[in-house]
Amino acid sequence: MKLLVWTVLCFAGAFISGLVFAQTPDWNALGKAWWAHIQYLADDSLEGRDVGSAGFEKAAVYMADQFRAAGLQPAGVDGYRQPMDFDVVRFVESNSWMELIGPTGLVSMVRMGDDAILGVNPHAAEHVEAEAVFVGYGLTVPELHYDDLSGQDVKGKIAVYITGGPGNMPGPIKAHYESGEERRRALAKAGVIGTISIGNPKAAEVPWSRIAASRFQPRMELRDPGPDAPPAMQMTMAFNPDRAETLFAGSGHTFAEILAAVNADKPLPHFPLAVKVQTRLDMTRSEAKSENIVGVLPGSDPALKNEYVVISAHLDHLGIGAPVNGDKIYNGAMDDASGDASLIEIARAMQKSGAKPKRSILFLSVTGEEKGELGSQYFAAHPTVSGTIVADINMDMYLPLFPLKYLEVQGLGESTLGDDIRAVCEQAGVQVQADKEPEHNRFIRSDQYSFIKKGVPSLAFKFGYIPGTPEEKIFKAWYSERYHAPSDDVNQPVDMAAAAQFNAILEKLALRVANADSRPAWKPDSFFRRFAK
Ligand SMILES: [Zn+2]
């Protein structure tokens, strides 16, 4: 009800009495309170909150303290904490190399960083030598009878593919099968031992230089990922699309020809490459511990309080890495201190209003998102509450960079949560948009996907805009200039008042879902319904 009042006031603010106007939330003040958490979490002293770092520990202490102050009850394993163990590997460039061996035995070195990067994981092989096959998009989609691997001799070989998928493939299906996990499952089943991915320049989010710099990030894996984790590849490589032509030498095909087919959305050819791939990978190994921070606002209905509506964000970011313009701290202010700040502010708002939702609302700040959604995966495999998780409302860099007129909702058409967010936004005078760039796979690229795979209806968000407006420019510039860069820090322009309005919308959404007669459900035609228990 409050939101309806705000909306009316926002639209008619200039014409109504000061008394009624005083009931409008002070968005500026609320925005500043939200920003204060980011100032702490994204401060240089927290060193980018890398998993297992002292900076992350400070952030975890802060979140637990804030959850307590907001009246949430501890819902971890140890107070608010849910600890977990990681295996960590780091790339040793001086002792690693990659080369392509041509049909005549001619060897061409692949320059690490400039041409390609070698992926590390605890199960990667030290040495790999294998033939390579180009497999188009490298996708296997059983329900569409689409299989880039069929008819190819890929056993014991390296699969080379371009990221993305056919234009006519529905977004969610493409997104699901493009996820690293599903790919690995299908590739391993076909006997593939390694992969070379070539980024589709059509969908490039960040320049190659930033991808190249990422090779020095430590790679972590959960020690206990749960029973559903697919096997690891022996070798993974990402190739610079500007240099990919060398892979195709002597094959009778060119990368230019493949790109032309991608751009025209024509079927891609599949063929063995003429070059053999040889790699040597050196890694150092260590261990790390980290934790999720979990608090709960217990439900008030005796029958429904064992159902949990999760609101989540991730607490980790990239830590300290390759310097950009002399700055080596990847502060992660929008990614995703903004989401954690929202978790705190939403909990505080519920405390202030004395909200007594029927279902329980679980506030979850996870670790390891940047390492592959590991903290949420761990939580989904080892929930700290007994009962049923009925929804995940996830916040991961929703980007409050301009006024909140449009809210882009990922997963909008997939479950009844889409109807809920529509209703809440309508009351707030905010227009809902579906995902404008489904090719970026954002619905499966953050922690909500750990829940979706367990059958839990979920949503994620971005501030929306109309294409061709200055807002689009701001949004896209943020990705090219600040996404996963040290400049995602506290010295960037952010619309704090708009963030506070977003927080209010998510608060209403969580309460609406927690109080509804029936729990959220996937739409009958949703692709993701298959995971429902
Ligand atoms: Zn990120």
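In this predicted model, W97, V107 and M109 form a nonpolar surface patch of about 270 Å² (patch residues have over 30% relative accessible area and no salt bridge, with nonpolar side chains joined within 5 Å; a salt bridge is a side-chain nitrogen of Lys or Arg within 4 Å of a carboxyl oxygen of Asp or Glu; areas follow the Shrake-Rupley method with a 1.4 Å probe). M109 belongs to strand β4, residues 107-110 (strands are DSSP runs of at least two residues, helices of at least four).

W97 also turns up among the contacts of T279, together with M98, L118, E126, H127, V128, M235 and M237, once neighbours within four places in sequence are left aside (contact means heavy atoms within 4.5 Å). T279 sits in strand β13, residues 271-280, and is buried at a relative accessible area of 1% (buried means under 20%).

Turning to the metal, the zinc ion has as protein donors D335 (OD), E370 (OE), E370 (OE) and H484 (NE2), at 2.0 to 2.5 Å (donors are N, O and S atoms within 2.8 Å of the metal, or 3.2 Å for Na, K and Ca). The angles among the four donor atoms run from 56 to 142°, and the site is irregular; four tetrahedral donors would need all angles between 85 and 135 degrees. The donor spacing in sequence is D-x34-E-x113-H. Because D335 lies in helix α9 (333-353) and H484 in the loop between α13 (470-481) and α14 (496-515), the pair ties together parts 149 residues apart in sequence. D335 and H484 are both buried.

Residues are numbered from 1 along each chain as its sequence is written, and side-chain values use heavy atoms, without hydrogens and water. Local features need pLDDT of at least 70 and side-chain atom pairs count only at pLDDT 80 or more, while totals for chains, interfaces and linings use all residues.

Key. Four donors count as tetrahedral if all angles lie between 85 and 135 degrees; four count as square planar and six as octahedral if opposite donors are over 155 degrees apart and all others between 65 and 115; anything else is irregular. Buried means under 20% relative accessible area, exposed over 50%, partly exposed in between (1.4 Å probe, protein chains only). Patches are made of residues with over 30% relative accessible area and no salt bridge: like charges are joined within 9 Å, nonpolar side chains (Val, Leu, Ile, Met, Phe, Trp, Tyr) within 5 Å.
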